[in-house]
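Please read the points below with the model open beside you.

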Amino acid sequence: MNSRFLLPTLFLLGSAHGAAPAINPSLLNDQAERLYREIDAAVKTAGGDLNSQHLHLAVAFSTGHFARDPRMAEAARVIASDLAQQHLVDGDQLSSYAWEQRLWPHAGEALNPLKITRDRAALQATFQNLWPRTAQAGSEGGHDTEAVITELAQRFEGQTDTVLVLLTNTAASSAGRAGERTIGENDPDYVSALTRWTRVRTNTTGATLSLPFGEGDRTLDAVILTPRSFSGAALSRPRTELLTEQTDAPTSQPSQIPWLPVLLAGAAAAAIAGLLLARRRGGAASRPSRREPLTLHVAGRAFPLKDSEDGDVICTVVGPSYPIPPSGAQYVTLGAGLPAIKFFTVTRSGSGLTVTPDLDVTVEGDAPAPIPADRDAEYTLTVKGRAPSKPNLPPRPYQTTLTLALRPEEHP
């Protein structure tokens, strides 16, 4: 094992809950490598090549056993972290899901999809918030592997660059409470999902791999699914080269610029410019011009655009009761009656703003794509789709209308 991967793993282990005993980082790193080799082989079988194509890796954790088996839960998180840390490159995407009898919205899901950057330290820190850490509220254990495969296949419909990895105590489905039934492998929706996705099976439990995690001969199961035909955007260079560059490149040193004289000169120039401008205006109060920075207004929230850069998330619009992380200042929560899902994200895109709907969400309206970020304007959006309302019930339709307004910053 390459020694440069030990630090991220040890960091994760040090952050684990006290209830989980220490585990073997070297062994778990080896399991992450086994898992990646199997993913790579499955993608090749589907006509793709991870060494030359981008990847969206979606990792789903069964959580029904988390409370009674924290050691296995933490092992699954470390394996997933090592897998992403060591094999995803700048421009790839990473998503995290939690499931028992069905998918359930854990807090880290708010980060989906996480776009990978060259900053390995930032990626490592994000894992603490991305992966699920508890069982579902009111959990009675158990999980339905076929049901969650069906749901994930629907969520990622048409996304041919995505590989799904399920991590669970066993790939075999099990009911959580007396009288509960799992859907089974003859369920029509599950059978339909497997016409579009390949479930890689190598053992009798239905798993792709059984991964030892260092407690006797106990293992956790991994299930890999790929699109029938894999196709990802082209990488700028082979993945192996990009990974070496991102993990081994030394931190660049700041250039030695005499900042004090530069700052003093800048301050003097700004003072002179301010005096000239004041004289030109004759002391009269100025009105905001359209060249001044604008603020985006959404559902009663205001988001200044002044310091935003290309790719920055301006705001994320979600339904009531959606699990917002503690640092979620950019989240906008819509009113009652809507599902607890993420509807869309507004990001800075060059000189404009891009509205990106979440999976299974449709956004319509009069907003151009992208929305100009330097123009005082107002746009009406209609958000609609279908989403689960209660466990074990089919999705129900929803629809709402809201306004995106761009207005000059208000000055005191």
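The numbered points below go from the whole chain to single residues.

1. The model is a predicted one. In its protein chain, eight helices and 18 strands are assigned. Of the 412 residues, 45% count as buried. Among contacts with a separation of 6 or more, 69% are between residues 24 or more positions apart.

2. Helix H3 covers residues 70-87. At 1.5 Å a residue, its 18 residues should span 26 Å, and the end C-alpha atoms of H3 are 26 Å apart, which agrees. Burial is counted under 20% relative accessible area. By that count 17 of the 18 residues of H3 are buried, so H3 is largely enclosed by the rest of the structure.

3. From H2, the residues in contact are Leu28, Asn29, Gln31, Ala32, Glu33, Leu35, Tyr36 and Ile39. They meet Ala75, Val78, Ile79, Asp82, Leu83, Gln86 and His87 of H3. By class this contact holds nine nonpolar, four polar and two charged residues. As a general point, an α-helix has 3.6 residues a turn, so residues three or four places apart point the same way.

4. How do the axes of H3 and helix H4 (residues 120-130) cross, and at roughly what angle? They come within 10 Å and cross at roughly 160°. An angle over 145 degrees counts as roughly antiparallel, and H3 and H4 are therefore roughly antiparallel to each other. H3 passes H4 in a right-handed crossing. On the H3 side, Ser81, Ala84 and Gln85 take part, and on the H4 side Arg120, Leu123, Gln124 and Phe127. The classes here are three nonpolar, three polar and one charged.

5. Gly232 sits in the loop between strand E8 (219-227) and helix H7 (239-248). Is Gly232 buried or exposed? With a relative accessibility of 13%, Gly232 counts as buried. Leaving aside residues up to four places away in sequence, Gly232 touches Gln53, His54 and Asp161.

6. Asn112 and Pro113 are joined by a cis peptide bond with omega of about -20°. Pro113 belongs to the loop between strand E3 (103-104) and strand E4 (114-115). The bond from Ala369 to Pro370 is also cis, with omega near -5°. Pro370 is in the loop between strand E15 (361-365) and strand E16 (371-372).

7. Phi values can be checked too, since most residues other than glycine have a negative phi. Ala299, not a glycine, has a positive phi of about 50°. Ala299 is placed in the loop between strand E9 (294-298) and strand E10 (301-304). Its relative accessible area is 47%, so Ala299 is partly exposed.

8. Ser321, likewise not a glycine, has a positive phi of about 70°. The loop that holds Ser321 runs between strand E11 (313-318) and strand E12 (331-333). Ser321 counts as exposed, at 71% relative accessibility.

Conventions. Residues are numbered from 1 along each chain as its sequence is written. This is a predicted model: local features need pLDDT of at least 70, side-chain atom pairs count only at pLDDT 80 or more; totals for chains, interfaces and linings use all residues. Side-chain values use heavy atoms; hydrogens and water are left out. Axes are lines fitted to C-alpha atoms, for helices over the stretch in contact, and angles run from 0 to 180 degrees between N-to-C directions. Helices (H or I, at least four residues) and strands (E, at least two) are DSSP runs, numbered from the N terminus. Angles under 35 degrees count as roughly parallel, over 145 as roughly antiparallel, 65 to 115 as roughly perpendicular and the rest as oblique. A crossing is left-handed if the near helix is turned anticlockwise from the far one by less than a right angle, and right-handed if clockwise. Contact means heavy atoms within 4.5 Å. Ala, Val, Leu, Ile, Met, Phe, Trp, Tyr, Cys and Pro count as nonpolar, Asp, Glu, Lys and Arg as charged, and the others, Gly among them, as polar. The expected span of a helix is 1.5 Å times one less than its number of residues. Buried means under 20% relative accessible area, exposed over 50%, partly exposed in between (1.4 Å probe, protein chains only).
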